[in-house]
Amino acid sequence: MRNNKQFLNKKRIISVAAAAFFICIFLAPSCNIFKGHEPVEFSLIELKSNAETGYYDAVILVEGVWLDTPIISRFLLITPTQSLEIEDLEFIADGKNPMLLEKGDVFIVPLCMPDWKLYIREKNEIYGSLNFWDKLPVDNQWHPLKSEAKTVAESLAVELVDGLPKPVAGILPKEWELVDEQVPYQDDPCGFVVYQKIRAENVKEQVNISYCLLTDKEARGLAASSETEYLAGWTEWTHKFGKEDVFAGRAVISWDMPGIGEYGWSYRYIYVDSDVVIEVDLEADPLEWKKTDQEKIVEGKTRKVFLRYGYGPVREPEWQILIEIRMNGEGMFYKRSRNGITIEKAFFLDDLELDRIRIALAENQFRDLRSRSGIPGGINSFLSVNYNDLSHIVKMNNVQLQPFQNIERTIKVIVLPKVDEK
């Protein structure tokens, strides 16, 4: 079994143990990785068509609850598209105490396309999960192979680039681009290519390709067996999880992975072309599935980053702060300590708060400000603001400039209280 280099980002590398765990949670309710039963067990009574949403309402029965004081207000119900307070859902049957989540409770979950699973959580604890993908009509069953990522992957072909074979996408739809690559070299005969669909600086879909040039010995081994037989022993995942499949008219070994990956479902396959072993990962945001071109345009405009403001070091342990605000008011607050501790908090600004920041930028003539540097040490800060297709960046390295400070003060006064920061 070859120990070929993995090209994926570290956060996306999937161990066999982790894969088995998530497949159990989201695909196989009978999986015995949980001893006994989950703290909350529930089942699907029916999927009712909803003419208003054009999708379904799920009628859910609570089969059992094994938690102390399961007050309904404690819990959230999460689907791939939304987060709902359970106490806000419509209950059509209650147990003995309507304030508690109990066996016999029946409630309705208004689903959004393409919801196919849900789970109950409290903060970071997951108490119960349900997958009803197989209960949906085929046309409503989301899958990574129902995405533009599949179109990109189907167009892959091996071409000679600088004298070396390399898989190249022949089709890149709108918003797609090549974002990263590495060619094989003498000490490592494996390379990678990464294509992504990006909108408003967010990755919506991606196709990650790793490829390895076969050695003469490996090529002889391939010639002595079928491609799928040979690939079955290529890596740990092909040996344990792979199955023979067909992709784009080609025999492959595939691994379908519900519950795994950046978007909750990944699909991986591997094949041989021109003495190159090619492994492809497809990932796609399910919310992209039925999105219209007009919706994509609106999202691109409203979710585009409005500004980024960073400063530090601040107090012990010398925090570095970054505030990011999008055109629609969505924001993220990040802080990282000198020792590597990272904290992230989401927030939202209304139109009046966004206008206050825009007024501060205009009144202090931000577009006319230029970067300045003082003596080393002290507080360094930067502010980057997007104006249509142009951006203006100002850096202040241990320099106090009144107009810039006025803008900083406005941003802090509005944002910091929302994330419980001083």
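## An exposed pair to start with

At 54% relative accessibility, K135 counts as exposed, where exposed means over 50% relative accessible area, buried means under 20%, and partly exposed is in between (1.4 Å probe, protein chains only). D134 is exposed as well, at 53% relative accessibility. D134 and K135 form a salt bridge, with their closest N and O atoms 3.6 Å apart. A salt bridge here is a side-chain nitrogen of Lys or Arg within 4 Å of a carboxyl oxygen of Asp or Glu.

Before going further, a word on the model. It is a predicted model, in which local features need pLDDT of at least 70 and side-chain atom pairs count only at pLDDT 80 or more, while totals for chains, interfaces and linings use all residues. Residues are numbered from 1 along each chain as its sequence is written, and side-chain values use heavy atoms, with hydrogens and water left out.

## The chain as a whole

The chain has 8 helices and 24 strands; these are DSSP runs numbered from the N terminus, with helices (H or I) of at least four residues and strands (E) of at least two. Taken along the principal axes, the C-alpha atoms fill a box of roughly 75 × 70 × 45 Å.

Of the 422 residues, 46% count as buried. Contact means heavy atoms within 4.5 Å. Among contacts with a separation of 6 or more, 54% come from residues 24 or more positions apart.

## Salt bridges and a network

Side chains of opposite charge can pair when their charged atoms come close. A search of the whole structure finds 28 salt bridges. One of them links E205 and K197, whose closest N and O atoms are 3.6 Å apart. Both E205 and K197 are buried.

Another salt bridge joins the side chains of K240 and E236 at 3.5 Å, N to O. These two residues are 4 residues apart in helix α5 (residues 236-240), so about one helical turn separates them. E236 is partly exposed, with a relative accessible area of 40%. Elsewhere, salt bridges that share partners join E148, E175, K197, R199, K204, E205, E288, K291, K296 and E299 into one network.

D57 lies in strand β2, which covers residues 55-65. It is buried yet has no salt bridge, and K48, the nearest side chain of opposite charge, is 6.3 Å away.

The side chain of D57 does make a polar contact with the side chain of N50, at 3.1 Å. A polar contact is a pair of N or O atoms within 3.5 Å; within protein, one must be able to donate a hydrogen and the other to accept it, and residues adjacent in sequence count only if both atoms are side-chain atoms. Leaving aside neighbours within four places in sequence, D57 is in contact with E46, L47, K48, N50, I108, V109, P110 and L111.

## Two helices side by side

Helix α7 (residues 351-363) and helix α8 (residues 402-415) pack at an angle of about 170°, with their axes 9 Å apart. Axes are lines fitted to C-alpha atoms, for helices over the stretch in contact, and angles run from 0 to 180 degrees between N-to-C directions. The two helices are therefore roughly antiparallel to each other, a label given to angles over 145 degrees. On α7 the contact is made by E353, R356, I357, A360 and L361, and on α8 by I407, T410, I411, V413 and I414.

Look for two cis peptide bonds. One joins M113 and P114, with omega about 5°, and P114 is in the loop between β6 (106-110) and β7 (117-122). Another joins G312 and P313, with omega about 0°; P313 lies in strand β18 (residues 305-314).

Some residues other than glycine have a positive phi. For E175, phi is near 85°. E175 sits in the loop between β10 (164-169) and β11 (176-182) and is partly exposed, with a relative accessible area of 24%. For A200, phi is near 50°. A200 is found in the loop between β12 (190-199) and β13 (202-213), and at 15% relative accessibility it counts as buried.

Technical notes: Lys, Arg positive; Asp, Glu negative; His and termini not counted. Parallel < 35°, antiparallel > 145°, perpendicular 65-115°, else oblique.
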